[in-house]
Amino acid sequence: MNTTTNTPTPRRFEAIVVGGGPAGLAAAYTLAAGGARVVVIERGDWPGSKNMMGGLIFSQPTGQVIPEFWKEAPLERHVTRREMWLTTGESVLKAAYESTDFGAEPYNSFTVYRSRFDKWLAEQARAKGAVIITETLVEDLLMEGNRVVGVRTGRPQGDLEADVVILAEGVNPFLAEKAGLSHGLKAESLAIAVKEVLALPREKVEDRFNLEEGTGAAYEIVGEITNGIPGTGFIYTNRDTVSIGVGVILKDMVDRAGEAYALLERFKAQPQVRRLIQGASPREYAAHLIPEGGYRGMPKLYGNGVLVVGDAAGMVNAAFTEGANLALLSGRMAAQTVLKARDCGSFEALTLSHYGELLERSVIMKDLKTFEKMAPFLSAHPHFFSIYPELASAAVKELLTVDSLSKADKMHLIIKLVKSQRPTRKYLKDLYDGWRAFS
Amino acid sequence: MAIHSVICVKQVPDTTQVRIDPDTGSLIRQGIPSVINPFDLHAVEAALKFREEQGEGGSITVISMGPPQAEETLRKVLGFGVDRAILLTDRAFAGADTLATTHALAAAIRKIAAAEPVDLVICGKQSIDGDTGQVGPGLAHRLGMSQVTYICGLVGIDPEAGVIRAWRQLEKGRELLEAKLPAALTITENCNRIRYASLPDLIAAADKPVEVWTVDDIEVDRTKLGLKGSPTRVNKIFAPPVRERGEVLVAAESSAADAAAKVMDRLTEQGLEMGLAG
């Protein structure tokens with residue numbers, strides 16, 4: 001049963017990419033465009049079928065991989081307004097930025113269903129000559145000594161060799177662990193995100209979010225909604241749906257016996273959120289882990305015959321909730337490295353270290369280094385998600401409430417309120433710690 | 001004997017995810033992923049088995065009529081080690097009912113057969129979106145082939161006698177049939193287990209083209225195609241009434257023997273004939 005009578009001789013590939021998400025597909029596209037023989041092995045039904053992300057992709061990094069992608073790619077809306085909300089449960093303090101520049105080519109960012117976008121990206125890679133294999137699980141790496149020489153899939157006659165293997169296997173990098181590059185997952189460097197996609201007619205999306213036809217908005221929400229657990233909520237407008245979700249640090253959530261789905265329900269019940277999504281019917285529910293270990297949490301990025309990209313390499317900038325564009329860029333850099341290594345005819349770690357150099361010089365590592373202390377800082381300062389939003393909100397409320405108090409009296413009241421919450425030295429310490437963590 | 005099989009496959013909406021609009025009664029297809037009609041995969045498996053059993057020289061062609069996106073379905077079938085894939089796509093075919101579909105597919109199969117004689121046309125027993133089960137028999141008729149429908153088991157091909165023997169599923173039981181080649185078969189899910197395609201087959205499929213044929217590539221009376229050639233009129237689409245819950249006999253407080261007796265009583269009460277297998 002395992003053998004067919006006319007089993008073809010397998011082609012020899014130069015590169016195997018494990019995982020058909022943004023990182024893997026960017027690598028495959030770049031390799032194929034550079035003339036390398038590359039195969040992508042994806043476990044899902046199609047590339048993107050395992051991708052839960054429904055959020056933003058950014059023009060600049062995506063355009064580096066596929067120039068002017070917005071002309072053909074399946075996109076939902078181009079984002080012209082970003083909002084940051086600080087919530088207390090009762091009130092919301094909002095900061096918004098809106099730009100007409102964001103509404104014209106080359107745009108700034110788009111809302112997408114990642115699953116559709118990745119399927120399209122896979123088609124582009126295939127058009128360049130990449131071979132895409134789906135519904136196939138890579139179970140193990142083929143090793144010769146400390147050198148990766150191929151992969152073992154769960155298919156009959158499932159071993160495949162290549163000069164180099166690019167691991168784009170996602171947040172749970174079990175092959176990178178086997179290759180001795182990663183030390184596995186740690187709860188404190190993982191966030192869990194739960195998301196719902198809610199169907200709402202196109203006109204209602206545009207009315208409720210105050211959008212012109214085709215434009216979109218992205219909201220990030222901090223404060224009471226995560227119940228004191230470090231994390232954020234988000235709302236993205238798609239064509240005729242709204243993506244809404246919450247992401248929190250896994251360890252903090254477990255420590256506080258929180259439940260991610262309960263946080264999302266709490267978020268949706270917030271009055272200012274509730275009216276945006278009223279009457280919308282649920283279409284999808286998804287939960288996913290996000291590696292937020294930052295620079296410190298990254299594995300070794302290359303070895304003999306192997307490179308690690310995307311989520312598997314911890315390429316997520318939690319501060320700006322960016323992951324997919326880091327994934328794309330890291331995939332592209334890994335591919336550029338392989339193309340160079342191909343010219344030298346060597347795929348040893350020393351040659352592949354070029355990938356590390358490209359990354360170091362790139363915006364990815366610069367940003368990740370800047371924010372490397374952020375996750376531990378926020379875990380240690382959970383009041384940033386409770387006391388501060390409440391204080392800011394209370395202060396503004398006091399100022400906006402017209403009663404018999406003079407404005408000067410109100411300022412005194414606000415200062416008193418601030419002092420009553422925490423001793424002054426603690427504010428100074430927060431300020432100092434914050435400055436240390438973010439500078 | 002070198003058998004040439006032509007498999008007919010259809011891309012269908014994943015009906016496990018399709019909902020019905022309660023007002024209009026029509027299917028809400030928007031955003032529903034497309035899949036290969038599950039019964040057609042059993043047709044693919046049957047063709048692969050024949051090729052293995054009959055040894056060297058056999059070949060398999062897969063054909064689908066549908067929109068350009070149906071290429072995806074054909075790619076998937078190529079991944080099983082099928083030799084050739086043809087997508088029959090043209091606006092002229094749009095809106096076809098089962099009758100018009102058989103005219104288009106039969107014309108395409110005649111063209112395939114002109115280059116390499118066809119011994120078997122293999123279809124799934126029905127599609128999960130239309131559920132009519134008419135295309136396979138229609139093809140047999142138009143192509144002048146013998147037909148065996150609802151096959152639940154294949155005995156095999158006897159090359160010397162030029163026949164195929166197969167078990168046909170009936171409402172009560174099954175029957176063993178012998179049919180002269182060339183024959184058209186429709187396959188049920190009980191006929192075989194679909195294999196897990198090998199990695200070399202999957203990789204080889206990437207190099208195989210999906211040939212695209214339009215109405216200009218086949219010889220056919222155009223008035224018999226598409227909406228024009230489709231006499232079927234849909235009068236009404238409606239969701240079937242929700243089935244009432246079956247009777248539940250609570251056995252918790254009684255012994256297993258009591259429970260069994262209770263079930264027996266109820267069954268004989270309803271006049272069921274109890275045929276014991278022996």
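This is a predicted model: local features need pLDDT of at least 70, side-chain atom pairs count only at pLDDT 80 or more; totals for chains, interfaces and linings use all residues.
Residues are numbered from 1 along each chain as its sequence is written, and chains are lettered from A and ligands numbered from 1 in the order in which they are written.

Colleague: How far apart are the end C-alpha atoms of helix H3 of chain A?

Modeller: Helices (H or I, at least four residues) and strands (E, at least two) are DSSP runs, numbered from the N terminus. The expected span of a helix is 1.5 Å times one less than its number of residues. For the 14 residues of H3(A), residues 114–127, this gives 20 Å, and the computed separation agrees, being 20 Å.

Colleague: Within what arc do the buried residues of H3(A) fall?

Modeller: A residue is buried if 20 or more other C-beta atoms, placed from the backbone, lie within 10 Å of its own, exposed if 12 or fewer, and partly exposed in between. The buried residues of H3(A) are A:Ser115, A:Phe117, A:Asp118, A:Leu121, A:Ala122 and A:Ala125. Taking the directions from the helix axis to the C-beta atoms, they line one face of the helix, because they fall within an arc of 155 degrees.

Colleague: Which exposed residues does H7(A) carry on the face turned away from its buried side?

Modeller: In helix H7 of chain A (residues 260–269), the buried residues are A:Ala260, A:Leu263, A:Leu264, A:Phe267 and A:Lys268. They cover an arc of only 135 degrees around the axis, which puts them on the same side of H7(A). The face turned away from that side carries A:Ala262 and A:Ala269.

Colleague: Is A:Phe13 buried or exposed?

Modeller: A:Phe13 is found in strand E1 (residues 13–18) of chain A. Two residues are in contact if their C-beta atoms, placed from the backbone, lie within 7 Å; not counting residues up to four places away in sequence, A:Phe13 touches A:Arg37, A:Val38, A:Val39, A:Leu160 and A:Ala162. Because A:Phe13 has 22 C-beta neighbours inside 10 Å, this residue counts as buried.

Colleague: Which strands stand at the edges of the nine-strand open sheet of chain B?

Modeller: Two strands pair if DSSP finds at least two bridges between them. The order of this sheet is E11-E10-E9-E12-E8-E1-E6-E7-E13, with mixed pairing. Each edge strand has a single partner strand, so one side of each is left without a neighbour in the sheet; these are E11 (174–180) and E13 (210–213) of chain B.

Colleague: How many of the residues of E8(B) are buried?

Modeller: Strand E8 (residues 120–124) of chain B runs parallel to strand E1 (residues 4–8) of chain B, joined by four bridges, and pairs with strand E12 (residues 183–187) of chain B in the parallel sense over five bridges. Both faces are covered, with B:Leu120, B:Ile122 and B:Gly124 buried on one side and B:Val121 and B:Cys123 on the other. E8(B) is therefore largely enclosed by the rest of the structure, the buried count being five of the five residues.
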